[in-house]
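Colleague: I have not looked at this structure before. Please take me through the main features and how to read them.

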Amino acid sequence: MSQHKTNLIDYEQVNDLLIFKWEDGFESYIPLRTLREKCPCANCEGEKDVFGNIYKGTIKANSKESFLLKGIQPVGYYALRPFWQDGHHAGIYSFEFLRTLCENQKDN
Ligand SMILES: [Zn+2]
């Protein structure tokens, strides 16, 4: 587990990017497309069996609407839940997970 503070203090959508501001001063962004592709819900992420095989669900993010946001709902003080225009909203993105996405984004 990482030890840095992962408290998200602000977020803002700018065109097809989501900008995140963190408590420790770190700022970064995630393209909406990446955010959707990394959706952590059981359907998108898939469920692993004991052999490590991943079974994905039937909902595929393949339309233009799949990568457009309708809105974002905070979940407690630890996560965000994006509502996508194709109707998908099962993914709960914890701050810790978002922070990891941000940091991976920076490396690219
Ligand atoms: Zn999903």
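Modeller: What follows goes from confidence to elements, sheets and core.

Colleague: What kind of model is this, and how are residues numbered?

Modeller: This is a predicted model, in which local features need pLDDT of at least 70, side-chain atom pairs count only at pLDDT 80 or more, and totals for chains, interfaces and linings use all residues. Residues are numbered from 1 along each chain as its sequence is written.

Colleague: What is the average pLDDT of the chain?

Modeller: pLDDT is the predictor's confidence in each residue, from 0 to 100. Here the chain averages 88, and 88% of the residues score at least 70.

Colleague: How many helices and strands does the chain have?

Modeller: Helices (H or I, at least four residues) and strands (E, at least two) are DSSP runs, numbered from the N terminus. This chain has three helices and eight strands. Their order from the N terminus is β-β-β-α-α-β-β-β-β-β-α.

Colleague: Which strands form sheets, and in what order?

Modeller: Two strands pair if DSSP finds at least two bridges between them. Six bridges link β1 to β2, and L8 has W22 in β2 as its bridge partner.

Another open sheet of three strands, also antiparallel, has the order β6-β7-β8. At its edges are β6 (69-75) and β8 (93-94). Two bridges join β7 (residues 79-84) to β8; L80 is partnered there by Y93.

Colleague: Which residues have the most contacts inside the largest nonpolar core?

Modeller: A residue is buried if 20 or more other C-beta atoms lie within 10 Å of its own, exposed if 12 or fewer, and partly exposed in between, with C-beta atoms placed from the backbone. A nonpolar core is a set of buried Ala, Val, Leu, Ile, Met, Phe, Trp, Tyr and Cys residues joined through C-beta atoms within 7 Å. The largest one here has 13 residues, and L8, L18, F20, I30, L98 and C102 have the most contacts inside it. Two or more residues each come from β2 (17-22), β3 (27-31) and α3 (95-107). The largest share, four residues, is from α3.

Colleague: Which residues does L8 contact, leaving aside its neighbours within four places in sequence?

Modeller: Two residues are in contact if their C-beta atoms, placed from the backbone, lie within 7 Å. On that basis L8 touches F20, W22, F95 and L98.
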